[in-house]
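Trainee: Could we go through this structure together? I'd like to know where the labels come from.

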Amino acid sequence: MGAQVYAQKFEQIARTPQLGWNSWNTFGCNVNEKMIREMADAMVSSGMKDAGYEYINIDDCWHGERDKNGFIQADKKHFPSGMKALADYVHAKGLKLGIYSDAGNTTCAGRPGSRGHEYQDALTYASWGIDYVKYDWCDTKDINPVSAYSTMRDAIYKAGRPMLFSICEWGDNKPWDWAKDVGHSWRTTGDIYPCWNCEHNHGSWSSWGVLPILDKQTGLRKFAGPGHWNDMDMMEVGNGMTADEDRAHFSLWAMMASPLIAGNDLRNMSDATKQLLTHKDTLAINQDKLGIQAMKWIDEGAIEIFIKPLEKGDYAVLFLNRDDVARDYSLDWNFHYMKDDISKHEIFFDKKRFNWRDIWTGEKGTTGSQYTTRIPAHGVVVLRLSPQ
Ligand code: GLA
């Protein structure tokens, strides 16, 4: 007789990486109910909801004080109607509402954390109709991460409302080793910054551009799968990088089966940003049911090629140009072989032919002949291969 398992997470959630929006990257602590309602409106009117986006997530700073019994309340000034009313509004739009807390006594912005209040907080969130809990790691000094996150997982499960549990401890305690049965995704790195290849130094910590975050994923793909994803952090699409950088950022996050959580102001985004965030072929790569994170297949320094096995024998192939200048690149498929020990996929390109389609230009071809392309600086080219 095996040990009885009491602890569980809601398994039916995030079978493909979660799609949504989060307030932090653009608004930081300036969150209020009017803005959140407008963001839900914009998720619908922009076509993002139709493209598959679902979660509207309020990050840090929604909190007011705990009441005399220790129950957390929303900040009365910025959320005068309360969280239940906000959740009702978001649900009426066909969307879901996410909230943020922290395993320590205080959140990263100094608001009340959930330490010692885990069951109470999970119950409160459930009573409000919350669907997603991002759980941060500030002010945790002596706390054991596995037990802290497991306690909140248990509290959410006991509260009885399916809520996606998003672990955010920045990869500090190797969550990929222990979080599969604890959360639905775990951050793998420190915070993102809207730049291509920079480290933005804040003194005691740094935030990171697109390439540093990508490079920190090395070795992690074997830990991801349906219901438990490597989270490369909320996106900076539309937040100041160039069009090519934004496209590379979005495409890479999609290939890596990362949650795709927009971090821009959805109310006034450019057409280019809207087109990118709702790009069907890219989202299909991210949302593919196999849930296999891309692997780096070919590494030639400035040019890297990633490949992601998809349903029905398809593959997504992404050519990344890390360089500051555009580069021409040729690939003679026939001389290449692909073997993925983790997902057990193998392709002998000299024996098996594929049709390919460039998911942005619509250009078509086959792997029977050499492929030549120009990859923009800080850019990508993405092909979808289908067996002939
Ligand atoms: C940490 C997290 C961020 C954000 C802020 C909020 O830095 O990693 O994603 O939630 O806290 O204070």
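Trainee: How do you know that the span of helix α2 agrees with its 13 residues?

Mentor: Before that, keep in mind that this is a predicted model, where local features need pLDDT of at least 70, side-chain atom pairs count only at pLDDT 80 or more, and totals for chains, interfaces and linings use all residues. Residues are numbered from 1 along each chain as its sequence is written, and side-chain values use heavy atoms, with hydrogens and water left out.

Now, α2 covers residues 33-45. The expected span of a helix is 1.5 Å times one less than its number of residues. That gives 18 Å for α2, and its end C-alpha atoms are 18 Å apart, so the two agree.

Trainee: Which residues of α2 are buried?

Mentor: Glu33, Met35, Ile36, Met39, Ala40, Ala42 and Met43. Buried means under 20% relative accessible area, exposed means over 50%, and partly exposed is in between (1.4 Å probe, protein chains only). Those α2 residues pack against several elements, including β1 (19-22), α4 (83-92) and β5 (96-102).

Trainee: Why are α5 and α6 called oblique?

Mentor: Check the angle: helix α5 (residues 118-128) and helix α6 (residues 145-159) pack at about 40°, with their axes 8 Å apart. Angles under 35 degrees count as roughly parallel, over 145 as roughly antiparallel, 65 to 115 as roughly perpendicular and the rest as oblique. The angle of about 40° therefore makes α5 and α6 oblique to each other.

Trainee: What residues meet there?

Mentor: Among them are Tyr119, Leu123 and Tyr125 in α5, and Met152, Ile156 and Lys158 in α6. Contact means heavy atoms within 4.5 Å.

Trainee: What makes Ser166 buried?

Mentor: Its relative accessible area is 3%, so Ser166 counts as buried. Ser166 lies in strand β7 (residues 164-167). Leaving out residues up to four places away in sequence, Ser166 touches Tyr132, Val133, Lys134, Tyr135, Ser185 and Asp231.

Trainee: Is Lys344 buried or exposed?

Mentor: Exposed, because its relative accessible area is 68%. Lys344 sits in the loop between β17 (337-340) and β18 (345-348).

Trainee: What is the phi of Lys344?

Mentor: Lys344 has a positive phi of about 60°, although it is not a glycine. Most residues other than glycine have a negative phi.

Trainee: And where does His378 lie?

Mentor: In the loop between β21 (371-375) and β22 (379-387). His378 also has a positive phi, about 50°, without being a glycine. With a relative accessible area of 14%, though, His378 is buried.

Technical notes: Axes fitted to C-alpha atoms, helices over the stretch in contact; angles between N-to-C directions. Helix = DSSP H or I, 4+ residues; strand = E, 2+ residues; numbered from the N terminus.
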